Amino acid sequence: MSNAVASPFLLACRRQPTSVTPIWLMRQAGRYMPEYRAMRARHRFLELCKNPQAAAEVTLQPVERLGVDAAILFADILLVLEPLGVGLEFVEGEGPRIHRPLRSAADVAALPTVDVGEAVGAVFETVKLARKALAERVPLIGFAGAPFTLASYLIEGGPSREFLLTKRFMRAERRAWEALMSRLSIIVGEYLNGQIAAGAQAVQLFDSWVGTLSPSDYREFVQPWSRESIRRLTPGTPVIHFGVGTAGLLPSMKEAGGDVLGLDWRVELGPAWDRLGHDIAVQGNLDPAVLLSNVGAIRRATQSILDGAKGRPGHIFNLGHGVHQETPVENVKALVDIVHELSSR
Ligand code: CP3
């Protein structure tokens, strides 16, 4: 048996006991890491994502530097939108831009059909190379954006605080919204199944911005398509379902599907897990800002999260959102060691 199958991360996804609480970190490969910055000095972000050799190398950087219990594919949730012809660009120092955002039903109707396999073949190649390079050291996580979060970028055209255009579109262009969400759930399913076929051993569905919605809007305008994306996935691969600011949405996100629910730091892990029920695994939930402080503070905050989990099978330690770029690498390394030390059983 490959040791990846018995890895603490994959066991915890299935709520089986582990000798330590597994840890990996969202954005564990990124600008806080000198070896990532060295790679970025040679490639623009989008180029890096489409260069399987380089992207596989970046995927492995945090495994080597930090000793995390899983690798996450280096890519981006927005890559799959590029073949829709909406003009995707990553502006240096600013973030993603969609130059031709969707603002009307006609814009949605005019979207071309895409062959996901052809469009993001480079990402699938990265998965193959990374899996081979990991050689059973730790499992590889694939990922995609969930339909709502992808739709919000397509409609807003970039990052947003209030998501007003998206919220308007949902109601004012209801038919077009449903058509768009349905298209995205198919694309997400194909994107993740392609990663699974290429060797991803678990997948995370990022519904990062869904916390902007009321619970009833989530259930009406989002849940059916998140559920559909998850329903389309090749059975047997654990699914992590994650969003930010989701305290009021967690029961509805659980209903939509996934083996593991991602929690951010605005909820207390222990009580949140009790309310959800222990028939689902949880991932989280250290405030990434804690990593900007010092080892003593990191240790206390970590202990408090582990206390909340009570050593119950099915807890994967992570941050509540991605590593900030200002974070000292040695603090991230200290966190990984502290989680392993304090959770050793
Ligand atoms: O987690 C990892 O280490 C794997 C790689 C990964 C990236 N993006 C690399 C990246 C993952 C899993 C993502 C997911 C992603 N991308 C999400 C969901 C997660 C989240 O943060 O909520 C979202 C919303 C995006 C879209 C996106 N990509 C934004 C908003 C930005 C700009 C923000 C920023 O930090 O600059 C990106 C760019 C991006 N994606 C970077 C990285 C390492 C920074 C780009 C750079 O190197 O300049």
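Predicted model: local features only at pLDDT ≥ 70, side-chain atom pairs only at ≥ 80, totals over all residues.
His321 is partly exposed, because its relative accessible area is 21%, and that class lies between buried, under 20% relative accessible area, and exposed, over 50%, with a 1.4 Å probe and protein chains only. His321 sits in the loop between E9 and helix H16 (329–343), where helices (H or I, at least four residues) and strands (E, at least two) are DSSP runs numbered from the N terminus. Leaving aside residues up to four places away in sequence, His321 touches Met26, Trp209, Phe242, Val244, Trp265 and Pro288, a contact being heavy atoms within 4.5 Å. Trp265 is 56 residues apart from His321 along the chain, and their C-alpha atoms are separated by 8.3 Å.

Residues are numbered from 1 along each chain as its sequence is written, and side-chain values use heavy atoms, with hydrogens and water left out. The mean pLDDT (the predictor's confidence in each residue, from 0 to 100) is 97, and 99% of the residues reach 70 or more.

The largest pocket has a volume of about 1,600 Å³, and of its 50 lining residues the closest to the centre are Arg27, Arg31, Asp76, Trp209 and His321. Two or more lining residues come from each of helix H2 (34–42), E2, E3 and H8. For the definition, on a 1 Å grid over the protein atoms alone, a pocket is an open set of points where a 1.4 Å probe fits, with protein on both sides within 12 Å along at least five of seven lines, and lining residues have an atom within 4 Å of a point; a volume is the space filled by probe spheres set on the points, which are joined across faces, edges and corners.

Two of those elements deserve a word. Strand E2 (residues 88–91) pairs with strand E3 (residues 95–98) in the antiparallel sense over four bridges, pairing requiring at least two DSSP bridges, and Leu88 stands opposite Ile98 in E3.

In helix H8 (residues 147–156) we find Ser152, which counts as buried because its relative accessibility is 1%. Beyond four places in sequence, Ser152 touches Gly157, Phe163, Thr166 and Trp209.
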